[in-house]
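This walkthrough goes from a pocket and its lining to a surface patch, then to salt bridges and the confidence scores. Please keep the structure open while reading.

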Amino acid sequence: MSDGRAGSNSGLTKLSLAVPGRNTARPLTRNSSHHPSGWKDPIKKYRNPLLPPSGSRDREEGGERAHGPAMQFFGGSSVAEIAPSPAAPPGTATGLARNNGNMLYIFNRSGVCLLYREWHRPLHTLDAQQDQKLMFGLLFSLRSFTVKMDPTSVDKGNLGVPLLPGQGCSFHSFRTNTYKLSFMECPSGIKIILVTHPKTGDMREPLRYIYNIYVEYVIKNPLYVPGSPIKCELFVTNLDQYVKTLV
Amino acid sequence: MAPLAPKTGDPLFANVERVNAELFTLTYGAIVRQLLADLEEVEEVNKQLDLMGYNIGVRLIDEFLAKSNVSRCVDFKETADIIAKVGFKMFLGVTATVTNWNAEGTTCSLVLEDNPLVDFVELPDTCQGLHYCNILSGVLRGALEMVSMKTEITWVRDMLHGDDAYELQAKLVKQVPEEYPYKDDD
């Protein structure tokens with residue numbers, strides 16, 4: 001493979017030899033229908049045509065399925081190339097090496113999205129503003145609904161009566177087969193939403209920690225105007241570092 | 001399980017970063033002194049202190065909620081208790097007592113026996129109308145507004161005017177629930 005390259009690329013050639021598996025990985029991951037073991041992937045038939053052809057076929061945690069040959073060539077490095085992830089180095093965290101979303105939203109009480117951070121998102125359907133409005137609306141309604149359906153609470157207003165943040169029971173996450181959304185709302189109206197891979201555990205403590213980071217770097221920043229989108233570099237850096245350890 | 005919210009502020013007070021009390025007192029004194037020099041009218045200074053306190057309160061509430069992990073208070077009585085025991089302790093290092101509840105439970109008094117802001121302070125005759133600690137009323141107002149309570153906070157007793165304690169009267173005007181901010185047709 002490397003001999004076929006021109007002499008001027010000899011530096012590159014040496015480099016590509018030094019990364020094991022890179023040359024072998026590439027042809028196989030691009031061709032979505034090719035499996036070396038001839039095993040037919042039943043999920044492939046129903047693959048969402050909107051998704052870009054990505055290297056990772058199975059969405060579940062690798063260890064559970066006996067899928068030995070596939071795990072070898074889905075090394076992770078080619079998947080990370082497809083998804084532009086500003087802060088994460090490719091393949092370090094298992095959560096990022098798959099087709100899993102990893103995003104964070106912070107809203108304040110009036111629905112202004114203070115921060116939207118995306119570390120991995122395979123599918124973008126709406127533009128950013130619509131997406132944020134949708135997310136806020138979803139959580140607003142979901143919270144209202146969960147409070148009204150609370151079987152242990154004595155006093156239930158009618159559905160549609162606006163709630164105070166923190167009143168009633170607090171809903172903290174929902175999980176689908178492709179992602180888990182964890183949510184935290186503070187009595188001051190700040191809502192923190194973290195989308196991660198579906199096997200994530202209870203995220204309440206990490207969300208509290210993120211709230212603490214927010215207080216330290218954003219609230220205490222005298223140049224930040226409360227209620228406006230967050231532009232503090234330090235906050236974003238610290239947040240990225242912390243979320244990397246979670247995923 | 002999240003840890004239970006503390007009922008007193010002592011463990012929190014031990015955990016937050018603290019600054020030298022004298023530095024704090026003297027800095028505050030310098031601010032008030034400068035405001036008096038700039039604005040000259042005592043009423044203006046009072047208003048300005050209240051506004052500064054409001055801006056502080058709006059940010060302070062998040063720090064308070066993050067560090068103290070209290071959940072939403074059920075009613076104003078509980079709110080006043082938390083402010084007096086946890087809030088004041090956490091930020092000023094002193095506890096206040098809550099007294100003088102009115103019949104509906106919407107007005108109460110917070111009494112401070114000692115107040116770190118006023119160490120070494122005497123008001124001169126030219127500034128007798130000055131509420132030296134007016135920043136505190138602004139802080140409370142701002143913080144409570146961010147948790148959906150509109151309040152009015154006024155000073156009832158002030159040691160610098162010759163009374164025996166500091167007394168703030170907190171009146172709950174209304175609770176403002178959150179409304180869905182986007183219009184349906186948007």
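A pocket is here an open set of points on a 1 Å grid with protein on both sides within 12 Å along at least five of seven lines, and its lining residues are those with an atom within 4 Å of a point. The model under discussion is predicted.

With that rule, the largest pocket is lined by 50 residues. Those nearest its centre are Ile56(B), Leu60(B), Glu63(B), Phe91(B) and Leu92(B). Several elements give two or more residues to this lining: from chain A, α6 (204–219), and from chain B, α1, α2, α3 (42–68), α4 (76–92) and α5. The largest share belongs to α3(B), with nine residues. The space in the largest pocket amounts to about 1600 Å³. Sorted by class, its lining holds 34 nonpolar residues, along with eight polar and eight charged ones.

Chain B also carries a nonpolar patch on the surface, made up of Val19(B), Leu23(B) and Phe24(B). Together these residues have about 280 Å² of accessible area. Leu23(B) is part of helix α2 (residues 21–39) of chain B.

Next come the charged contacts. Over all chains, the count of salt bridges is 14. One pair is Arg143(A) with Glu185(A), where the closest N and O atoms are 3.0 Å apart.

How confident is the prediction, and where in chain B is the mean pLDDT of an element lowest? Chain B has a mean pLDDT of 85, with 92% of its residues at 70 or more. Among the elements of chain B, the lowest mean, 76, is that of helix α1 (residues 10–15), while the highest, 92, is that of helix α5 (residues 134–146). For the model, the scores are ipTM 0.82 and pTM 0.70.

Definitions and conventions
Residues are numbered from 1 along each chain as its sequence is written. Chains are lettered from A and ligands numbered from 1 in the order in which they are written. This is a predicted model: local features need pLDDT of at least 70, side-chain atom pairs count only at pLDDT 80 or more; totals for chains, interfaces and linings use all residues. Side-chain values use heavy atoms; hydrogens and water are left out. pLDDT is the predictor's confidence in each residue, from 0 to 100. Helices (H or I, at least four residues) and strands (E, at least two) are DSSP runs, numbered from the N terminus. Patches are made of residues with over 30% relative accessible area and no salt bridge: like charges are joined within 9 Å, nonpolar side chains (Val, Leu, Ile, Met, Phe, Trp, Tyr) within 5 Å. Accessible areas come from the Shrake-Rupley method with a 1.4 Å probe; for residues, only the protein chains shown count as cover. A salt bridge is a side-chain nitrogen of Lys or Arg within 4 Å of a carboxyl oxygen of Asp or Glu. On a 1 Å grid over the protein atoms alone, a cavity is a set of points where a 1.4 Å probe fits but cannot get out, and a pocket is an open set with protein on both sides within 12 Å along at least five of seven lines; lining residues have an atom within 4 Å of a point. Grid points are joined across faces, edges and corners, and a volume is the space filled by probe spheres set on the points. Ala, Val, Leu, Ile, Met, Phe, Trp, Tyr, Cys and Pro count as nonpolar, Asp, Glu, Lys and Arg as charged, and the others, Gly among them, as polar.
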